[in-house]
Amino acid sequence: MSPEPQPPPTPSGLPVLGHTLDFARDPFEFTYRAIDECGDIYRLVLPTTEVCVMAHPDYFRQVLVTDVDAFGKTDDYRKAFGSGVLATDGAQWRRQRKILQPLFHQDRITGYGDYMVAATQRRLDTWTPGEVQDVESEMQDLTLEILFATLFGRELTPGEGADLRTASEGLNKWFAPTSWLLPNWVSTPSRRAFFDSKERLRTEIRRLLTEHDPDKRADENSQPDGLQRETLLSKLDEARHSSGQNHLSTEEVEGQLLTMLFAGYETTAAALGFAWYSLAMNPDIQQAFHEELDTVLGGDPPTHEDIDDLELTCRIVTETLRMYPPVHTIPRQTTRAVEVDGYQIPADREIHLAVLSVHRDERFYENPDSFRPNRWISEFENELPDYTFMPFGGGRRTCIGRDFARLEATLVLATIGQHWSFEWAGEETTVSIEPEITTKTKNGLPMRLKAR
Ligand code: HEM
């Protein structure tokens, strides 16, 4: 008779509070230690719940592909994003994804390239040589501006970006490890910030929908220069007024807009910020990057047609997504009891796929903690086992904005790198990172700007 399946092991921790304090203090460090002690699957014990953490590509495959129906989206996602495509499951998700997918086709995305470059150039005009800028927040402002113009067809008014960013950061607060110390019904400042932010973002989204009136917009000529009049916003509004399979309720439309607003700018901004940081820390690579830009572009602004020739720039984006995956953990919740590698996991158990740990695992990446864009030659990529590089998730729930994000990251890097170089100006020698839903820094990314 084969032995009864056991629950996954759990790392040593304090009784009563479980692992909460250690985890809240430094979640990434805790994860490394726990994997060292227990292996690639373990239980994180918190006062009110348990989380099963998995850190191996074979487990990623089971959760996201082969056993996908046993692993649904979490209650927390639904709380944050309502009925947005990031949070829904089953038939509702399938219908929503089918409606949204055409809006992210390659042809449509490349049409945004020129706007991405122009918006970046406008921001560069505000920079002064020698000054120190927080590159993390600069990249957030820029990507938010691009998102609003390309997907919602609206230019942000001065000050609006900062206000929206604060609200969007508030949504992140629900997912901060320190919030896990207390059960969900306890009101804490960060939870109040979460609910206030959600209200603020909903108000903005309702305003976007109310403002949206295609005939009026044509009269006012209010479309940002060079962009199509049909946007994600206009298509969603159309879905609200249509019937049958293409119909989305008002609540669903609001959920999609909230989701795009949250998922669509901070992630790419994080990739850009960490790319600048990595280049500042590796002057040889920064120099080779500048040389590539000079050779390929010869002083002209980049376009989407240059992307294939900007090989090193693309590798810098890929290597940054490996070392600093903006979504460091992919959460799920079991829909039924399920067995993983001989371990028993009950129904309704939260699962964390530890993307960052796999991206820094030396079984898959030589010298995983060093920034080496040139590891990404085709032989290496072809031999890399499946599900070891997961910045955009995997299986049917793979990021819908992947092509948008890659195009944006590459064009923004190239446009800025043509004119500026960066020098790390932080007080500490290296950056400290911490997890919310997205990978953030503790104290921003202060950089001294040098004109090239
Ligand atoms: C570097 C930038 C980005 C990264 C690293 C990233 C990462 C991810 C990841 C890991 C997922 C899977 C989440 C899961 O399975 O639970 C995801 C899903 C998603 N992302 Fe992105 N993302 C990025 C940019 C974008 C952009 C630019 C947009 C939209 C404009 C976007 C919209 C979405 C949406 C709507 C989903 C849900 C897809 C579904 O469940 O069907 N993302 N993203």
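Student: What makes Glu29, Asp36 and Glu37 count as exposed on the face of H2 turned away from its buried side?

Tutor: A residue is called exposed if 12 or fewer other C-beta atoms, placed from the backbone, lie within 10 Å of its own, buried if there are 20 or more, and partly exposed in between; Glu29, Asp36 and Glu37 fall in the exposed class. This is a predicted model, in which local features need pLDDT of at least 70 and side-chain atom pairs count only at pLDDT 80 or more, while totals for chains, interfaces and linings use all residues. Residues are numbered from 1 along each chain as its sequence is written.

Student: How do you know that the buried residues of H2 line one face of the helix?

Tutor: In H2, the buried residues are Pro27, Phe30, Thr31, Ala34 and Ile35. Seen down the helix axis, they fall within an arc of 130 degrees (taken over the directions from the axis to the C-beta atoms), so they line one face of H2.

Student: Why are strands S4 and S9 called edge strands?

Tutor: Two strands pair if DSSP finds at least two bridges between them. The open sheet of 3 strands has the order S4-S12-S9 with antiparallel pairing, and S4 (132-134) and S9 (420-424) each pair on one side only. Between S9 and S12 (residues 446-451) there are 5 bridges, and glutamate 423 has arginine 448 of S12 as its bridge partner.

Student: What is asparagine 367 called, exposed or buried, and why?

Tutor: Asparagine 367 has 9 other C-beta atoms within 10 Å, so it is exposed; it lies in the loop between H17 (355-359) and H18 (378-383).

Student: Why is aspartate 341 called partly exposed?

Tutor: Aspartate 341 has 14 other C-beta atoms within 10 Å, which means that it belongs to the intermediate class; its place is the loop between S6 (338-340) and S7 (343-345).

Key. Helix = DSSP H or I, 4+ residues; strand = E, 2+ residues; numbered from the N terminus.
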